[in-house]
Amino acid sequence: MRDVYAVGIGITSFTRLDYPLVEIAAYPGLMAMRESGLEKIDHLYVANMGASRINHQTGLASAVIDNLSLTPAGAEAIENGPASGASAIKQGYMAVASGLHNIVMVIGAERMREVNNLEATDYVATLTHPMAEYIYGVTLPALAGMFTRLYMLKYGVTARHLAMVAVKNHRNAMNNFFAHLHEEVTLEGILDSPEALTNNPIVADPLRFYDCCPVSDGGACVILATGDIAKKAGKPMVRLAGIGQATDTHAVHDRKEPTDLLAVREAARQSFKMAGIEPGDVDVAELHDAFTILEIAESEEVGFFPRGQGHLALEKGETSLGGILPINTSGGLKARGHPVGATGVAQAHEIIVQLRGQAEKRQVKDARIGFTCNFGGFGNNVVCLTFVKEG
Amino acid sequence: MEMSIYGYKCIKCGHVQYPYRTICKNCHKNNHNEFEIVPLPKKGKLLTFTHLYAPPSDYEVVSLGLGIVELEDGNRITGQLKIDQPQIGMSVAGRVEVVRRDEYNKYWGIVFYPA
């Protein structure tokens, strides 16, 4: 197997974008080509979840490759729920590592705000078990609410800890030009003041509005290539060193311990093992905080903190910028936004920016090892990536 | 007629699974459809719950009570709750009712009340 490097990156603003999905996908691809100096690619993977349902478009990868005038290179779309992005990066890795292709472009793109919030939430809810969950009105916020209630009871996590995740990630997003929510929030505003219940109403108790990610449009791109091509591109050498993926039961009620996220645990273990590192070696991480509780739970499951202590690390500021392990420097799904199919690629984008030392005000000092956790369904399909800076 | 939610009892190992899977999760030994269909118990204990204040557009309610219940046989099931002040660990009893309607269809499922 050959080593695989990230040679070019690009991203759109994550917000409401009033241009077609194909262009949301093409724009970060164009940026990545300009940045890396590459004018041709061998293959394109497009991660997307909802084009056929929300945007009334199928065959997205064929449309994007033509829009970029990169025909006749091969192209296909990858749909793996909210983990589509990291899944597409995995496909790109396999293509380059195996020797099938030398340069692979991976784009994640989603345009969710073409429909209203109710429709967008319903389309994400189609991830749930059709007969055992969906028919009851179960949505992802509902599953997260039930998970949070148990987690709080078991480990002593409070509404204040959840709000602290939101405050931290909103603050990080203030320094990310591409983030969806450029809006600093305070514990007073979303938790303590008399207006807090108006500012921050309950969505699925105990989860409130600021515990949930926004519905976003956006696209991101990473070009993967061999070491020789990466050297010519002239950017700092960032190697995709570890990939792990694991699944769990479709219906959440079927899990023996409902507060365990076994797929996160296993995917992270595989990713670290392949990269030959320990969780403690990681300098910066992007975790899948679609709900604030998930940042805390994942930080334990991947092995950064002991079980039940993620919220204590958060409280001490260990996961803030300047702490021992900054998490979600981009703002995370919470504040950078969550265009479902694009998220996994956007997480990788942030880690590459950090390892290259290009993150400006949100730069983690001397970051050499970065990690992403891209969480599909309610933890039933998880892909974790480990990136290492060389030289 | 009293309606039930059904589990799938593996004819090789006797394990009851819900929802349906083609292969038994316990023994992995059975072939397609080698299950006996058995009614699941309706009584159990509430494991966790939420009130969803952003219910899907098929529902004309302010909030939707949802929970996971551990049934008397140890199986777990997700269902709707019609309980004023649910508590984790409380005893509940289920009834099969219409749990969702859209333009064309009615969907039947389990709704839990205080036991």
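A:S69 is exposed, because 8 other C-beta atoms lie within 10 Å; by the cut-offs used here, 12 or fewer such neighbours means exposed, 20 or more means buried, and anything in between is partly exposed, with C-beta atoms placed from the backbone. The model is predicted, so local features need pLDDT of at least 70 and side-chain atom pairs count only at pLDDT 80 or more, while totals for chains, interfaces and linings use all residues. Residues are numbered from 1 along each chain as its sequence is written, and chains are lettered from A and ligands numbered from 1 in the order in which they are written.

**Backbone features in the loops**

- A:S69 sits in the loop between helix 3 and strand 3 of chain A; helices (H or I, at least four residues) and strands (E, at least two) are DSSP runs numbered from the N terminus.
- Phi of A:S69 is positive, near 50 degrees, and the residue is not a glycine.
- Most residues other than glycine have a negative phi, and most peptide bonds are trans.
- A:P72 lies in the loop between helix 3 and strand 3 (74-78) of chain A, and the peptide bond from A:T71 to A:P72 is cis, with omega near 10 degrees.
- Chain B has a cis bond from B:Y18 to B:P19, with omega near 0 degrees; B:P19 is in the loop between strand 2 (16-17) and strand 3 (35-39) of chain B.
- A:N328 is not a glycine, yet has a positive phi of about 60 degrees.
- You can find A:N328 in the loop between helix 13 (310-315) and helix 14 of chain A, where A:N328 counts as buried because it has 27 C-beta neighbours inside 10 Å.

**A buried proline in chain A**

- A:P339 belongs to the loop between helix 14 (332-335) and helix 15 (343-356) of chain A.
- A:P339 is buried, with 35 other C-beta atoms within 10 Å.
- Apart from neighbours within four places in sequence, A:P339 is in contact with A:F14, A:E110, A:M112, A:S216, A:D217 and A:G218; contact here means that the C-beta atoms of two residues, placed from the backbone, lie within 7 Å.
- A:P339 and A:A125 are 214 residues apart along the chain, and their C-alpha atoms are separated by 15 Å.

**Helices of chain A**

- Helix 1 (residues 21-36) of chain A has 16 residues and reaches 24 Å from its first C-alpha to its last, close to the 22 Å expected at 1.5 Å a residue; the expected span is 1.5 Å times one less than the number of residues.
- The buried residues of helix 1 of chain A include A:L21, A:V22, A:I24, A:Y27 and A:M33.
- After helix 1 of chain A comes A:G37, with a positive phi near 75 degrees.
- Helix 1 and helix 3 (residues 60-67) of chain A pack at about 55 degrees, with their axes 9 Å apart; axes are lines fitted to C-alpha atoms, for helices over the stretch in contact, and angles run from 0 to 180 degrees between N-to-C directions.
- That angle makes helix 1 of chain A oblique to helix 3 of chain A, because angles under 35 degrees count as roughly parallel, over 145 as roughly antiparallel, 65 to 115 as roughly perpendicular and the rest as oblique.
- On the helix 1 side of this contact are A:V22, A:E23, A:A25 and A:A26, and on the helix 3 side are A:A63, A:V64 and A:N67.
- Helix 4 (residues 84-98) and helix 15 of chain A pack at about 70 degrees, with their axes 5 Å apart, which makes helix 4 of chain A roughly perpendicular to helix 15 of chain A.
- Among the residues making that contact are A:S84 and A:G85 of helix 4 and A:T343 and A:G344 of helix 15.

- Chain B has zero helices and eight strands.
- Buried residues make up 33% of the 115 residues in chain B.
- Domain 1 (6-39) and domain 2 (43-114) make up the domain assignment of chain B, with bounds from an automatic or database assignment.
- The C-alpha centres of domain 1 and domain 2 of chain B lie 24 Å apart.
- Between the chains, 28 residues of chain A are in contact with 26 residues of chain B.
- Helix 6 of chain A gives the largest share of the side of chain A that touches chain B, with seven residues.
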